[in-house]
Amino acid sequence: MINFMDLFITPAYAQSAGGGGGGTATIMSLLPFIGIFLVFYFIVIMPQQKKAKQVREKMKALRRGDKIVTAGGIVGKIVRNQEDSDQMEVEIASNVRVMVVRSTVTTILESKVQTENTQSKIKNQGKKEAKENKAVTLDKADETVKAE
């Protein structure tokens with residue numbers, strides 16, 4: 001006769017106790033957790049640290065005349081900014097100025113630093129193009145002299 005309990009419950013057999021060789025088994029059991037942590041670090045933590053560093057640098061680079069948005073949604077232009085102070089004066093309407101804590105700035109809409117960098121890049125590109133055009137013209141002149 002068939003015992004139906006054997007179909008649903010498998011018999012448990014005693015496992016042999018591994019005397020003193022459990023060191024490698026412990027390390028092998030930890031490898032998946034270490035791998036997950038490394039993947040998590042490279043995908044989540046490292047990019048977040050880079051972004052936080054960029055935000056800190058942008059906050060240090062705030063200057064008078066920059067347009068900003070605060071955490072409360074107030075859009076204004078920086079009127080007075082002291083690097084050693086945690087506060088700055090922001091003009092939110094004509095002749096309406098408020099003191100804002102630097103850490104509440106969430107977005108920089110317009111920055112003089114960015115526009116200066118963009119203008120210098122455009123000037124540098126123009127100089128490079130002029131040098132390249134001059135070099136091409138000289139090469140063509142050399143070719144015509146050699147052909148004659």
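1. How many bridges join strand β1 to strand β2, and in which sense do the two strands run? Three bridges join β1 (residues 67-70) to β2 (residues 75-81), and the two run antiparallel. Strands pair here if DSSP finds at least two bridges between them. Strands (E, at least two residues) and helices (H or I, at least four residues) are DSSP runs, numbered from the N terminus.

2. On the basis of the note: this is a predicted model, in which local features need pLDDT of at least 70 and side-chain atom pairs count only at pLDDT 80 or more, whereas totals for chains, interfaces and linings use all residues. Residues are numbered from 1 along each chain as its sequence is written, and side-chain values use heavy atoms, with hydrogens and water left out.

3. On the overall fold: the protein chain contains three helices and five strands. Along the sequence, these elements follow the pattern α-α-β-β-β-β-β-α. Buried residues account for 12% of the 148 residues in the protein chain, where buried means under 20% relative accessible area, exposed means over 50%, and partly exposed lies in between (1.4 Å probe, protein chains only). The accessible surface of the protein chain is about 12,800 Å², and 59% of that surface belongs to carbon and sulfur atoms; such areas come from the Shrake-Rupley method with a 1.4 Å probe, and for residues only the protein chains shown count as cover. Among contacts (heavy atoms within 4.5 Å) between residues at least 6 apart in sequence, 35% join residues at least 24 apart.

4. On the sheet: five strands form an open sheet in the order β4-β3-β2-β1-β5, with antiparallel pairing. The edges are held by β4 (96-101) and β5, each with a single partner strand, so one side of each is left without a neighbour in the sheet. From one strand to the next, the twist averages 45 degrees; the axes behind this angle are lines fitted to C-alpha atoms, for helices over the stretch in contact, and angles run from 0 to 180 degrees between N-to-C directions.

5. On the pairing of individual strands: β1 and β2 form a hairpin with four residues between them, and G73 in the turn has a positive phi of about 90 degrees. Within this pair, K67 has K77 of β2 as its bridge partner. K77 also has a bridge partner in β3, namely E91. Four bridges join β2 to β3 (residues 87-93), again in the antiparallel sense. β1 also pairs with β5 (residues 105-110), over four antiparallel bridges, and there the bridge partner of I68 is I108.

6. On the nonpolar core: the largest such core has nine residues, M59, L62, I68, I78, M88, V90, V100, V105 and I108. A nonpolar core is a set of buried Ala, Val, Leu, Ile, Met, Phe, Trp, Tyr and Cys residues joined through side-chain atoms within 4.5 Å. The elements giving two or more residues to this core are β3 and β5. Leaving aside neighbours within four places in sequence, I68 is in contact with L62, I74, V75, G76, I78, M88, V90, V105, T107, I108 and L109.

7. On T70: this residue lies in strand β1 and is buried, with a relative accessible area of 8%. Not counting residues up to four places away in sequence, T70 touches V100, T104, V105 and T106.

8. On charged side chains: the structure holds two salt bridges, each being a side-chain nitrogen of Lys or Arg within 4 Å of a carboxyl oxygen of Asp or Glu. Side chains of opposite charge can pair when their charged atoms come close. E89 forms a salt bridge with R80, with the closest N and O atoms 3.4 Å apart. E89 also meets R97 in a salt bridge, at 3.7 Å from N to O.

9. Not counting residues up to four places away in sequence, E89 touches K77, I78, V79, R80, R97, V98 and M99.
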